[in-house]
Amino acid sequence: MLVIASFENSIFIELALSELEQNDFSNERILAAPLDKRSEQRKLFDTIHRADGLSLFDAAAILGTCLMLLGAIYGYILKWGPIIWGIIGAVSGLLLGFLIKMVLIKKNKHGVKNITSEIFLMIRCEEHEYKTVEKILWENQALGLTRIKNM
């Protein structure tokens, strides 16, 4: 059986490795594989063929709609009328929402979560050793865990 776990690059993976070695798992049965980080910047704009789940236009659409509605409502009172004030509200809401989202993305390191999986740990073990390995890995802050049974 092969047990695969993902870890952040931290002291916990060292603790897990030393605890596994104390439980008679030799170095030949353990493989730690670090992942290379992406060197190029993420693209801010999605295409029809590629989307990363990060939308720049959701806040812009919401604010554009809200300010358009307010412009149309209060346009009956103001001098230029509801149509002009609705258009002004829509354009200013779109620009404001787009700028807010751009600032938040730049501030939050490309808009991704801070926890990333950086190291994969693979352990070859027998069926009766699985509970021990699973307990050790979860106690040492594994991000995820799976097992592959022999075929």
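Lys135 and Glu139 lie four residues apart in helix H4, so about one helical turn separates them. Their side chains meet in a salt bridge, 3.3 Å from N to O. The model is predicted. A search of the whole structure finds five salt bridges.

- Lys135 is partly exposed, with a relative accessible area of 49%.
- Glu139 is also partly exposed, at 43% relative accessibility.

**Salt bridges between distant parts of the chain**
- Arg29 and Glu129 pair through their side chains at 2.6 Å, N to O.
- Arg29 sits in the loop between H1 and strand E2 (30–34), while Glu129 sits in the loop between strand E3 (119–124) and H4, 100 residues apart.
- Arg29 is partly exposed at 24% relative accessible area, whereas Glu129 is buried at 17%.
- Arg147 forms a salt bridge with Glu127, with the closest N and O atoms 3.6 Å apart.
- Arg147 belongs to strand E4 (residues 144–148), and Glu127 to the loop between E3 and H4, 20 residues apart.
- Arg147 is partly exposed at 34% relative accessible area, and Glu127 is partly exposed at 49%.

**Packing of H1 and H4**
- The axes of H1 (residues 11–22) and H4 (residues 130–139) come within 9 Å and cross at roughly 155 degrees.
- Angles over 145 degrees count as roughly antiparallel, so H1 and H4 are roughly antiparallel to each other.
- Their crossing is right-handed.
- Ala16, Glu19 and Leu20 of H1 meet Val133, Ile136, Leu137 and Glu139 of H4.
- By class, this contact has five nonpolar, two charged and no polar residues.

Definitions and conventions. Residues are numbered from 1 along each chain as its sequence is written. This is a predicted model: local features need pLDDT of at least 70, side-chain atom pairs count only at pLDDT 80 or more; totals for chains, interfaces and linings use all residues. Side-chain values use heavy atoms; hydrogens and water are left out. Axes are lines fitted to C-alpha atoms, for helices over the stretch in contact, and angles run from 0 to 180 degrees between N-to-C directions. Helices (H or I, at least four residues) and strands (E, at least two) are DSSP runs, numbered from the N terminus. Angles under 35 degrees count as roughly parallel, over 145 as roughly antiparallel, 65 to 115 as roughly perpendicular and the rest as oblique. A crossing is left-handed if the near helix is turned anticlockwise from the far one by less than a right angle, and right-handed if clockwise. Contact means heavy atoms within 4.5 Å. Ala, Val, Leu, Ile, Met, Phe, Trp, Tyr, Cys and Pro count as nonpolar, Asp, Glu, Lys and Arg as charged, and the others, Gly among them, as polar. A salt bridge is a side-chain nitrogen of Lys or Arg within 4 Å of a carboxyl oxygen of Asp or Glu. Buried means under 20% relative accessible area, exposed over 50%, partly exposed in between (1.4 Å probe, protein chains only).
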